[in-house]
Amino acid sequence: MDCINYNGYVLDNSYFFDPHASYDNEFWVSGKNIPEFKEIIEKLIELKKKNSVPIITNEVSQLKVMPEYFELKGKFNKGYCLAGYNYFHITNFGEVTVCGKGPKLNIRSNNLIKIWNSREFSETRKRVSECNVPCLNNCFDLK
């Protein structure tokens, strides 16, 4: 492995939405684990600055706010989402999606430029811009 990237767990993860998801699960760093998590983050920052392999592709600013993201839960508000403008996902079936919100177009029948400029992708960007779920994925830009 050449590089690695860390993302905070998103409670309302639109890829695999679970209506029963809660902050009390194995993926959420809970209050009692925050001090140890802060230590881990500091070690990750040190490794990133040393350009160790695998290379950590997160920005240092993103790593630094991760403990706060988990502490504040739904009240975290440190930036804004750029999904649909700097990011999209292609599933193993060729479907292009942004946080599971669309555009439901497939690269097997449409080229990426056509998809990027499509009415459906524009509507997807609008849906994403209306999302108010705290998130700390790589499409999120810190203030």
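1. Helix 1 holds 16 residues and spans 22 Å from first C-alpha to last. That is close to the 22 Å expected at 1.5 Å a residue, taking 1.5 Å times one less than the number of residues. Helices here are DSSP runs (H or I, at least four residues) and strands likewise (E, at least two), numbered from the N terminus. This is a predicted model: local features need pLDDT of at least 70, side-chain atom pairs count only at pLDDT 80 or more, and totals for chains, interfaces and linings use all residues. Residues are numbered from 1 along each chain as its sequence is written, and side-chain values use heavy atoms, with hydrogens and water left out.

2. I34, F37, I41, L44 and I45 of helix 1 are buried (under 20% relative accessible area; exposed is over 50%; 1.4 Å probe, protein chains only). They cover an arc of only 100° around the axis, so they sit on the same side of helix 1. The arc is that of the directions from the helix axis to the C-beta atoms. E39 and K43, on the other side, are exposed.

3. What do the buried residues of helix 1 pack against? Strand 2 (55–56) and helix 2. Contact means heavy atoms within 4.5 Å.

4. The axes of helix 1 (residues 34–49) and helix 2 (residues 60–72) come within 9 Å and cross at roughly 175°. The two helices are therefore roughly antiparallel (angles over 145 degrees). Axes are lines fitted to C-alpha atoms over the stretch in contact, and angles run from 0 to 180 degrees between N-to-C directions.

5. Just after helix 1, N51 has a positive phi of about 55°.

Conventions:
Parallel < 35°, antiparallel > 145°, perpendicular 65-115°, else oblique.
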